[in-house]
Amino acid sequence: MSIMLNPQRSVLPVDEAGRELLEYPQPAFPCFMEAADLFQYPDVPWHWHEVVELCLVRDGAIDFHVANHTHRLRTGEGGFTNRSIMHA
């Protein structure tokens, strides 16, 4: 697994269908980790991708929107989004 630290990414690129445009270091094994300050994304668009997503809140709190539900995640809590599920 590759670890990608990308604190400079300030936009979440999505296509017209809402699919997040991700580039994987090894396309045959679509997996990576990214440490990011989610507060740099003030308006995360609804999006989906073909891989699962795990989110861990290291400090503060976020609203984690998955399908028709909103979950308030606080420090030390996390969320899971299955593949192809809309979330923001």
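1. Arg19 is partly exposed, with 31% relative accessible area, where partly exposed lies between buried (under 20%) and exposed (over 50%), using a 1.4 Å probe and protein chains only. Its side chain forms a salt bridge with that of Asp15 (3.4 Å, N to O); the term requires a side-chain nitrogen of Lys or Arg within 4 Å of a carboxyl oxygen of Asp or Glu. Asp15 is buried, at 18%.

2. The model is predicted: local features need pLDDT of at least 70, side-chain atom pairs count only at pLDDT 80 or more, and totals for chains, interfaces and linings use all residues. Residues are numbered from 1 along each chain as its sequence is written, and side-chain values use heavy atoms, with hydrogens and water left out.

3. Confidence per residue is given as pLDDT, on a scale from 0 to 100. The chain has a mean of 82, and 85% of its residues reach 70 or more. Over residues 1-7, however, pLDDT stays under 50.

4. The whole structure holds 2 salt bridges. One of them joins Asp63 to Arg72, with the closest N and O atoms 3.1 Å apart. Asp63 is partly exposed at 41%, and Arg72 is partly exposed at 43%.

5. Phe80 is located in strand 6 (residues 78-81); strands are DSSP runs of E, at least two residues long, numbered from the N terminus. Leu54 stands opposite Phe80. Phe80 is partly exposed, with a relative accessibility of 47%.

Note on methods
pLDDT is the predictor's confidence in each residue, from 0 to 100. Contact means heavy atoms within 4.5 Å. Helices (H or I, at least four residues) and strands (E, at least two) are DSSP runs, numbered from the N terminus. Two strands pair if DSSP finds at least two bridges between them.
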